[in-house]
Every structure is written in C-alpha cells, then in structure tokens.
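Here is a note for a colleague who is new to this structure. Please look through the sequence and the model before reading the points.

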Amino acid sequence: MEAHERGELVQAQDDATYALDGLTPDASLDTQRDSACALLDILATRRGRLALRSDGLAQQVLTGAAKLRGQRDPALALACSGLLLALASDDALPAYLSSSAAAVLASQLLQVDHDYSSQDALAAAAATSLQRKGGNSSSGGLNGSSYSNSSEEEPTAGAAAVAAGVSAAQRVMRIILEGSLGRSLRAGAGAAGQPLCSHIPLLALALATATGTEAGRVHHAARTKENLRKVGVLKKLGLLVPSYTARTATLSQQQQQQQLLQLPQGQ
C-alpha cells in the first residue's frame, strides 16, 4: 500500500473516531445528526469500510447508533438505515450485521416509517419528531407548546429546528443516493428511478443481504436471523414492507401523471 493510501485510511479512522464522540445519547440532536452523517459518508465507500475495520471502529458505529434510539428523527433514521446497508456490503465483515447491536438498531428503526417523498412530508416528520423528543436540537428545539404558544420567539425557534431536520435528512439522502449505496438500493429493489420515500427499503435490503446464502455469509446468516427473531424484527418488517410498497407505487403513479400533464399537446 502506498504512503498516500495509508494516509487516507488513517485520516478516515481519525475522522470516524472524532464523529463517534458525538454519537451518544447525551449529545445534542444536531451533533448526533452531524456525527451519523459523517460516519455514513465514510462507510458509504469501500475504502472507508476498510479503514474502519481497524480497532473495531465499524462495530463501535453500530453500537453507538443503537444507543441513540434516534429512530423518531427522520435524519437519524435514514442515516442509521444507511449505516446498516453500508455494513452489509460484500467487502464488509459479515459479523457486523450478525451482532446484537445491529439487531437492536434494526428493531428500533422498524418502530417508525417516516415519509421522505416531499419536502413538506419531511418537514411534518421532523416537526413530529422534535415534539416527541422535547426539543434537544441546538438549532432551536420544540417543547410541548411550541406551536400553540402565541409568542413570536418559540414558533421561530420551532421553524428553525424543523428546517435543520429537513436539511439534515436531505444531506443524508444525497450521500445514499449519489453513491454506491444508491446503486445497491436501486438494484435490490429492481426498480431504478423509483423515489426514496422511506428508510424501510434500505433496512430491508441490508437485512436481506446479511441473511443471504453466499459463501462468505452463510456461517453468520443463522446467527443474524436468530438475533432478528429475538427482537421481533422479522414480524415487524413483514407488516411495514407492504405499506411502503403501496406508498411507493402511488407516488410513482402521481409522478407519471404529472409528467404526462407537462407534455406538449400532440405527443
């Protein structure tokens, strides 16, 4: 390995170590989002996954993500699903997804099904998330009265917090869709061009890959399935996937109709 390549690996390890400091329940919501996004950006690449094999950093990412219990925040839910998909890649260690931390994280992510189909839908999901969390975002949180209070300061803070949530989710979405994870997602779904309107397909593809029968995974697949069964993931996934599929089909039809309405007359 050349000195330049070694330097890039060390830099990725340093960046991941720094980001892991913010992947804790005590950190602010903004810090949690930034950390999850930074770690996803690293693990979304083959070189990043290789770098984070060192010192068990990749496994620490899964453990930290599971401790967050951040599934109700759209940005964190999407980032954590992306992390599972990245660590289910062929060049990642199969032991990652067969760990108890991965099963716990998957179980948490299946408790909600955020709608990412439009900016308005995403804003609504972010607002709901902040109301439930009580508002620990440093960009301006929400408490139980943020939308009902008549003062001007609280709605302004609430709007800023929602905007921060939307921006964070969109940043995560770009990392996923513009790289190899997006290609894996579209290939796994068998429907290139369909909108990403939920984090569920990322999670489903990660788990399907982790429980596959390929030679390199077969020894870990049984353990993965058992861990998923213990936390009720398989049952929850069976209930959520049809809902996502129906919503995706409806959204695709709406987009096709909109495109037809925009065609010049005579076509």
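The points below concern a predicted model, and they take up helix packing and then one further helix.

1. I would begin with helix H1 (residues 3-20) and helix H2 (residues 29-43), which pack at an angle of about 155°, with their axes 9 Å apart. Since angles over 145 degrees count as roughly antiparallel, H1 and H2 are therefore roughly antiparallel to each other, and H1 passes H2 in a left-handed crossing.

2. In the contact between these two helices, Ala12, Asp15, Ala16, Ala19 and Leu20 of H1 meet Ser35, Ala38, Leu39 and Ile42 of H2. Sorted by class, the residues of this contact of H1 with H2 comprise seven nonpolar, one polar and one charged.

3. H1 also packs with helix H4 (residues 57-68), here at an angle of about 20° and with the axes 11 Å apart, which makes H1 roughly parallel to H4. H1 passes H4 in a left-handed crossing.

4. On the H1 side, the contact with H4 is made by Gln13, Thr17 and Leu20, while H4 contributes Leu57, Gln60 and Val61. The contact of H1 with H4 holds three nonpolar and three polar residues, and no charged ones.

5. Is H5 largely enclosed by the rest of the structure or exposed? Of its 13 residues, 13 are buried, so H5 is largely enclosed by the rest of the structure.

Notes
Residues numbered from 1 in each chain as written. Predicted model: local features only at pLDDT ≥ 70, side-chain atom pairs only at ≥ 80, totals over all residues. Heavy atoms only, no water. Axes fitted to C-alpha atoms, helices over the stretch in contact; angles between N-to-C directions. Helix = DSSP H or I, 4+ residues; strand = E, 2+ residues; numbered from the N terminus. Parallel < 35°, antiparallel > 145°, perpendicular 65-115°, else oblique. Left-handed = near helix turned anticlockwise from the far one by under 90°. Contact = heavy atoms within 4.5 Å. Nonpolar A, V, L, I, M, F, W, Y, C, P; charged D, E, K, R; others polar. Buried < 20%, exposed > 50% of the residue type's maximum accessible area, 1.4 Å probe, protein only.
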